[in-house]
Amino acid sequence: MSPTEVRPIKLLVDVTCLTGPLSGIGRYTLEILSQLAQNPEQVELRGFNDLGVYEPEALRRLLSTVDEPIAISSRGSTIIEQRAWPLAKKIIKRIPGARQLRANLHNKRIARAGVQAAGSIYWQPNFILGSSQSPSIVSVYDLSHVRFPCFHPPERLRWLEDGLASSLDRAAHIMTVSRFSKAEIVDVYGISADKISVLYPGVGDCFHQRHSLEELAVVQRKYNLPAQYILSLGTLEPRKNLKGLIQAYARLSPALRKHYPLVLAGGAGWNHGETDSLIAQLASRGELIKLGFVPQAQLPALYQNASAFAYVSLYEGFGMPIAEAMASGVPVLTSNCSSMPEVAQGSALLVDPNSVESIAQGLDKLLGEIDDGSQCSEAGRKLSHSYNWRVTADSLLDIAAALDGRT
């Protein structure tokens, strides 16, 4: 290497979260790594998970197949096999001592990967750091387990309670996704604000692109969607407040419910039995359509076909669907708490998610102003361009460079 040549920064990443269907954390990790992988002269990427260690080329192949329904991975396993692994982990967790055993195995995997990637910066994109001798970065998206422990199953709650404080102390730097979440981490854990950087999620180009009528019609036919509908996107779990949204929607006039059915997209989470009952009641009358998980490739058309978008979560570290809906040019209704006003920045109608009446009034107002809502929609579309994955990836690279002693 010549005196003027700069070697790439080595980044070692836990890619366990890249098992589909992706959660918000998985999507955040995938998009950042996909951007970084385009610049091998700047960063040398390696990944690891419970299936093995991924050298740079193998990791690039893995990134390219995550969103594919069936594909052969760099290690020869199919995506179906990779997606079966989370189910296997749930079963393993029920075995006495399995949590500690898996932690030990995970740390051995980090150690092995660290040997193969000597001099790397270690990025853990999912809250809890493993044991590593390398300088480490940890991503923390929200503190819902502290503010609302009832929103988490006991196993996840114990995992966060047992490991997060130690991870924050051991990390050389902390990444989060909003000013709100940064303030939460400082307040709850007493971490210096200088140790925390806000790296907003981006909005993919596919959400900014205008789809043709033919392309929109393909998705409309696939899911048997009406010409007009209210869309909500989120996992079926208590924090997303779909129960409150459905109860509020049921208060709308019969005429509005007839013209604007409520369409719910998102995979099953946990503790949604009561919500399922409400869904069944409205679905039986043709006023609600439950789609379940929708592949990433079909989400842009699903947004753009919608008349309005409602996201009235009780607590979010960011709320990526808000930004995606704004990029799609859809009028947005969201919550007036946690990070959601920060994400919307005045380009959405805000309601109190704890009040069914407030949500109902917001829905009624949003639907009543659809014909006049172009100004708000245009403001949201312009704002959404500020959420850029390239900027996010570059910010992570800057953090890694500082830990590598380059700045």
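A residue counts as partly exposed when its relative accessible area falls between the buried limit of under 20% and the exposed limit of over 50%. Gln345 has a relative accessibility of 47%, so it is partly exposed. This residue sits in the loop between helix 15 and strand 13 (349-351). Its backbone stands out as well: phi is positive, at about 50°, although Gln345 is not a glycine. Ser338 also has a positive phi, of about 45°, and is not a glycine either. Ser338 belongs to the loop between strand 12 and helix 15 (340-344).

The structure described here is a predicted model. The protein has 407 residues, and 53% of them are buried. Its secondary structure comprises 18 helices and 13 strands.

Two helix pairs were examined. Helix 1 (residues 24-36) packs against helix 18 (residues 389-403). Their axes are 9 Å apart, and the angle is about 80°. Angles of 65 to 115 degrees count as roughly perpendicular, and helix 1 and helix 18 are therefore roughly perpendicular to each other. On the side of helix 1, the contact is made by Arg27, Tyr28, Glu31, Ile32, Gln35 and Leu36. Helix 18 contributes Trp389, Arg390, Thr392, Ala393, Leu396 and Leu397. By class, seven of these residues are nonpolar, two are polar and three are charged.

The second pair joins helix 10 (residues 242-249) to helix 16 (residues 356-368). Here the axes come within 8 Å and cross at roughly 60°. Helix 10 supplies Gly244, Leu245, Gln247, Ala248 and Tyr249 to the contact. Helix 16 supplies Val356, Ile359, Ala360 and Leu363. Seven of the residues in this contact are nonpolar and two are polar, with no charged residue.

Leaving aside neighbours within four places in sequence, Val356 is in contact with Gly244, Gln247, Ala248 and Arg251. Val356 and Lys243 are 113 residues apart in sequence. In space, their C-alpha atoms are 9.4 Å apart.

Thr176 lies in strand 6 (residues 173-176). Its relative accessibility is 1%, which means that Thr176 is buried. Beyond residues up to four places away in sequence, Thr176 touches Tyr28, Val140, Tyr141, Ser181, Lys182, Ile185, Ile196, Ser197, Val198 and Leu199. One of these residues, Tyr28, also takes part in the contact of helix 1 with helix 18. Another, Val140, is 36 residues from Thr176 in sequence, and the C-alpha atoms of the two are 5.2 Å apart.

Leu291 belongs to strand 10 (residues 288-292). This leucine is buried because its relative accessible area is 16%, under the 20% limit. Outside the four places on either side in sequence, Leu291 touches Tyr223, Leu225, Val263, Leu264, Ala265 and Leu302. Ala265 is 26 residues from Leu291 along the chain, and their C-alpha atoms are separated by 5.1 Å.

Thr334 is placed in strand 12 (residues 332-335). At 0% relative accessibility, Thr334 is buried. Its contacts, apart from neighbours within four places in sequence, are Tyr311, Ile322, Met340, Ala348, Leu349, Leu350 and Val351.

The cysteines were checked last. A disulfide requires a pair of cysteine sulfur atoms within 2.5 Å. By this rule, the count is zero. Cys17 has a relative accessible area of 13% and is therefore buried. Cys206, at 29% relative accessibility, is partly exposed.

Methods:
Residues numbered from 1 in each chain as written. Predicted model: local features only at pLDDT ≥ 70, side-chain atom pairs only at ≥ 80, totals over all residues. Heavy atoms only, no water. Buried < 20%, exposed > 50% of the residue type's maximum accessible area, 1.4 Å probe, protein only. Axes fitted to C-alpha atoms, helices over the stretch in contact; angles between N-to-C directions. Helix = DSSP H or I, 4+ residues; strand = E, 2+ residues; numbered from the N terminus. Contact = heavy atoms within 4.5 Å. Nonpolar A, V, L, I, M, F, W, Y, C, P; charged D, E, K, R; others polar. Parallel < 35°, antiparallel > 145°, perpendicular 65-115°, else oblique.
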